[in-house]
Amino acid sequence: IVKRINNATEAIEFLQKIEQLNRWSRKYVVLDCPTDMAKDIVKSHVRDVTSAKRTYHYLLSGLVSISC
């Protein structure tokens, strides 16, 4: 599934919908967005009670480094 998002909130809502479709499948997420948005998405996703119970794999494209 490919989805264009404008902010971290949209990304989290999308990830929650994917989680509802098939809770136990493996999910690989490619974030092709600015560094600050990628950082916000990952942090929000880890803090989200419904999604944080499962393991997600992220590929962050075009990043040199993320400072938290």
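Q: Hi! Is Tyr-56 buried or exposed?
A: Tyr-56 is buried in this predicted model. Its relative accessible area is 10%, and buried means under 20%, so Tyr-56 falls in that class.

Q: Which strand is Tyr-56 in?
A: Tyr-56 sits in strand S2, which covers residues 56-60.

Q: And how far is the C-alpha atom of Tyr-56 from that of Tyr-28?
A: The two C-alpha atoms are separated by 6.2 Å. Along the chain, Tyr-56 and Tyr-28 are 28 residues apart.

Q: Nice. Let's zoom out: in what order do the elements run from the N terminus?
A: The order is α-β-α-β. That comes to two helices and two strands for the chain.

Q: What share of the contacts with a separation of 6 or more is between residues 24 or more positions apart?
A: Those pairs account for 69% of such contacts.

Q: OK, on to the core. Which residues make up the largest nonpolar core?
A: There are eleven of them.

Q: I'm curious about Leu-31. What does Leu-31 touch, leaving out residues up to four places away in sequence?
A: Leu-31 touches Ala-38, Ile-41 and Val-42, and also Tyr-58, Leu-59, Leu-60 and Ser-61.

Q: Switching to charges: how many salt bridges does the count come to?
A: The count comes to one salt bridge. In it, the side chains of Glu-19 and Arg-23 meet, with 3.1 Å from N to O.

Q: Is Glu-19 buried or exposed?
A: Glu-19 is buried, at a relative accessible area of 5%.

Q: Now pockets. How much space lies in the largest pocket?
A: The largest pocket holds about 510 Å³ of space.

Q: And which residues lie nearest its centre?
A: Lys-3, Phe-14, Val-29, Val-30 and Leu-31 lie nearest the centre, out of 17 lining residues. H1 and S1 are the elements that give two or more residues to the lining. S1 provides the largest share, five residues.

Q: Last one: what percentage of the chain's residues count as buried?
A: Of the 68 residues, 26% count as buried. The accessible surface of the chain comes to about 5200 Å², and 52% of that belongs to carbon and sulfur atoms.

Definitions and conventions. Residues are numbered from 1 along each chain as its sequence is written. This is a predicted model: local features need pLDDT of at least 70, side-chain atom pairs count only at pLDDT 80 or more; totals for chains, interfaces and linings use all residues. Side-chain values use heavy atoms; hydrogens and water are left out. Helices (H or I, at least four residues) and strands (E, at least two) are DSSP runs, numbered from the N terminus. Buried means under 20% relative accessible area, exposed over 50%, partly exposed in between (1.4 Å probe, protein chains only). Contact means heavy atoms within 4.5 Å. Accessible areas come from the Shrake-Rupley method with a 1.4 Å probe; for residues, only the protein chains shown count as cover. A salt bridge is a side-chain nitrogen of Lys or Arg within 4 Å of a carboxyl oxygen of Asp or Glu. A nonpolar core is a set of buried Ala, Val, Leu, Ile, Met, Phe, Trp, Tyr and Cys residues joined through side-chain atoms within 4.5 Å. On a 1 Å grid over the protein atoms alone, a cavity is a set of points where a 1.4 Å probe fits but cannot get out, and a pocket is an open set with protein on both sides within 12 Å along at least five of seven lines; lining residues have an atom within 4 Å of a point. Grid points are joined across faces, edges and corners, and a volume is the space filled by probe spheres set on the points.
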